[in-house]
Amino acid sequence: MTRVKAAWGWAVQTARLMVGVPDYETYVAHRRQHHPGQPIMSYVEFFRERQHARYACERGRLRGCC
Amino acid sequence: MSFKKSLIWAAILVLGVVSFAMVALNRGESVNAAWLLIASVCVYLIAYRFYGLFIANRVLGVNSTRQTPAYRRNDGLDYVPTNRYVLYGHHFAAIAGAGPLVGPVLAAQMGYLPGTLWILAGVVFAGAVQDMTVLFLSTRRDGRSLGDMIRSEMGPTAGSIAGIGVLLICVIVLAVLALVVVTALKNSPWGTFTVACTIPIAFIMGAYGRYVRPGRIGEMSLIGAVLLVAALIYGRSVSESATLAPLFTLSGPTLAVLIIGYGFVASVLPVWLLLAPRDYLSTFLKIGALVLLAVGVIIVRPYLQMPAITRFIDGSGPVWPGNLFPFLFITIACGAVSGWHSLISSGTTPKMIENENQIAFIGYGGMLTESFVAIMAMIGASVIHPGVYFAMNSGAGVIGTTAAHAAEVVSGWGFTVTPDMLTQMARDVGENSILSRTGGAPTLAVGMATIFSGFLGGRALMGVWYHFAILFEALFILTTVDAGTRVCRFMIQDLVGNAIPAFKETRSWANNLVGSALACGLWGYLLFAGVVDPYGGIWTMWPLFGATNQMLAAIALTFCTVVLFKMKRERYAWVTGVPSAWLVICTVTAGLEKVLSANPKVGFLSHARQFTDAVAAGHVLAPAKSLGEMRRVIVNDYIDATLAALAVAIVLTVVVYAIASIRKARSAPRNTAIEIGGPVAVAGHD
């Protein structure tokens, strides 16, 4: 059962990353560990930031076509 | 290697050789697609284990104790150490697109064998090598982009020239892909309705994900998928309705104008409203459809009806002009080797890789999977009757506009087909006509419908499957169109911004509107020219697309070779040097032939001359129908010749810069590559 759960977790994580949204838990853990006391984006803020970043070519993000 | 492992690899080798023999040596009888599939998978396994890992360990010298950018610059957003399987999925979704689906279909005019051999040889020795090496180099440089890396390793001029090359290919890619959508949707109310529905569906999804349940990607995508299936099924009723069908029965030029307008609007709207939700749908639909196709081919195991080699191997084919060399090698670009991947491999992926020892799996392995998609596209094109294939892929100027005439012409080429077969196929897939549906996508859709209906739903569902395949291709091409227009806009702003600095400000609405209009104007002009082209557009433009895409791959591989010399690994420089030389030879030969060939079918200038002479004499040459059309053909010939010449000039300039850099690197006493970071104790080490 835990294995199925882990596999599902991976599948969800992969699907999210495919559309440019990395793991939120990892982000929160990173902020807590490396930037303690500094603000952490809520999931919604995080989602919007990532969504915007995926299509912001001005930051050197060229996306392929084929 | 242990005895047991050696035995397994020997078995894979034998299986691969046997399958290949079945595919290549079988004459007269049709071959089962399963052999092609097994042969390819064996090639991939052996190539990965023995060549991919060799490149990683010996040539590049990956160092598992070296910290990757994901750790060094970890910010939880762009730079995040990511599980290798999750990252593989991300990387594959980013590189997979329309290219590997369309190219092999077009290449099937020479038979399935030449294209298959190039797909396999190309991916093993060029495509996967390029993806992996660029990924490696970018990982060692904090995930910097290809353009940045070329600038720092080969100088600013080489970097700028490569940048112009990227803009050129971007414009041509957008035009050609949009053309594929137009030819698939023209006079097809079912297809047009379904694809049009994706716009309001995206709005609903976007609003849901912004305001109702923010950030719920899964729920948004589920809603979108349900609505999409509803639109797909209702599309049949639309196509049969006397009042609705005419609304969605559009001509090529009308569709072209609509798509250009769509590209403009979509690129200035906020991303959450249209682009992002469509991106979710198209990404998941793409992965789902590819998995379904793989499962379908394995379950149905169809027979290949296309001969291994057709008479058109001599270069006289109706789908695209030119000889096997060099034109086959640019017709199948993605799937064998694609320059675009060098942009992805130096984009998001290197910022997430956990350890250098995963570079072969993600870079080389990801490209092998892409190549597998190309093989499936080749199978899709080969399982339909060759007569149907040629009737679908030849321009109206060649086979006429009636089933009877088309059947007569195609049968005359030796692919016996009756008018009934053509009209029956059109009825089965729910279209008025399948004649001259060039561009590869409709052919692949017929192939996919044939395979899917073989195990799900039978003939009754063929129309649904056909339009499902059209929808999935159109959806991600249109996502490319709006994302690509933004990329183009940015590059134009950057370029023009050098002269007018105020234009560089990307947050200005006015700048974005002007930039988008310029971008859409560039690709829109080419698209429109392709749509009204009496040759059917693909005939003229696909070679141009292939040549520019391979041009970018040639630049990327040349850059990799330069860095190998700078790293003092010239012993292994052949690994990237040989494919790079091959691509330079292919693109330059193809480009020069497109410009200079005396054969008016191949050379743009000689074609323009032929038409100019005819106009002067007052003759109208087929397939043009009026002197006005003739003049349009002439103008397009000159534009296309200029683009081809530009591609050749860009490749050659980069090669000259590369040779200079290599000479400098050889005379330097030590490693002169500019890397970031070095070996330290790392957390992701395993």
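## Terms and model

A residue is buried if 20 or more other C-beta atoms lie within 10 Å of its own, exposed if 12 or fewer, and partly exposed in between, with C-beta atoms placed from the backbone. Helices (H or I, at least four residues) and strands (E, at least two) are DSSP runs, numbered from the N terminus.

This is a predicted model, in which local features need pLDDT of at least 70 and side-chain atom pairs count only at pLDDT 80 or more, while totals for chains, interfaces and linings use all residues. Residues are numbered from 1 along each chain as its sequence is written, and chains are lettered from A and ligands numbered from 1 in the order in which they are written.

## Chain B overall

Chain B has 27 helices and two strands. Its radius of gyration, taken over C-alpha atoms, is 25 Å. Along the principal axes, its C-alpha atoms fill a box of roughly 70 × 65 × 60 Å.

Of the 686 residues in chain B, 59% are buried. Two residues are in contact if their C-beta atoms, placed from the backbone, lie within 7 Å. Among chain B contacts between residues at least 6 apart in sequence, 81% join residues at least 24 apart.

Helix H17 of chain B (residues 386-393) is mostly covered. Eight of its eight residues are buried, among them B:Tyr389, B:Phe390 and B:Asn393. The cover includes helices H16 (359-382) and H21 (441-455) of chain B.

A nonpolar core is a set of buried Ala, Val, Leu, Ile, Met, Phe, Trp, Tyr and Cys residues joined through C-beta atoms within 7 Å. The largest has 251 residues. B:Ala391 and B:Val181 are among those with the most contacts inside it. Helix H22 of chain B (residues 462-497) gives the most to this core, with 21 residues. Beyond four places in sequence, B:Val181 is in contact with B:Ile259, B:Ala474, B:Ile477 and B:Leu478.

## B:Phe611

B:Phe611 is found in helix H26 (residues 604-617) of chain B. It is buried, with 23 other C-beta atoms within 10 Å. Not counting residues up to four places away in sequence, B:Phe611 touches B:Leu621, B:Met630, B:Val633 and B:Ile634.

## Where the chains meet

30 residues of chain A are in contact with 43 residues of chain B. On the chain A side, helices H1 (2-18), H2 (24-34) and H3 (43-54) each supply at least two residues. H1(A) gives the most, with seven residues.

Technical notes. Rg over C-alpha atoms; globule rule 2.2 N^0.38 Å.
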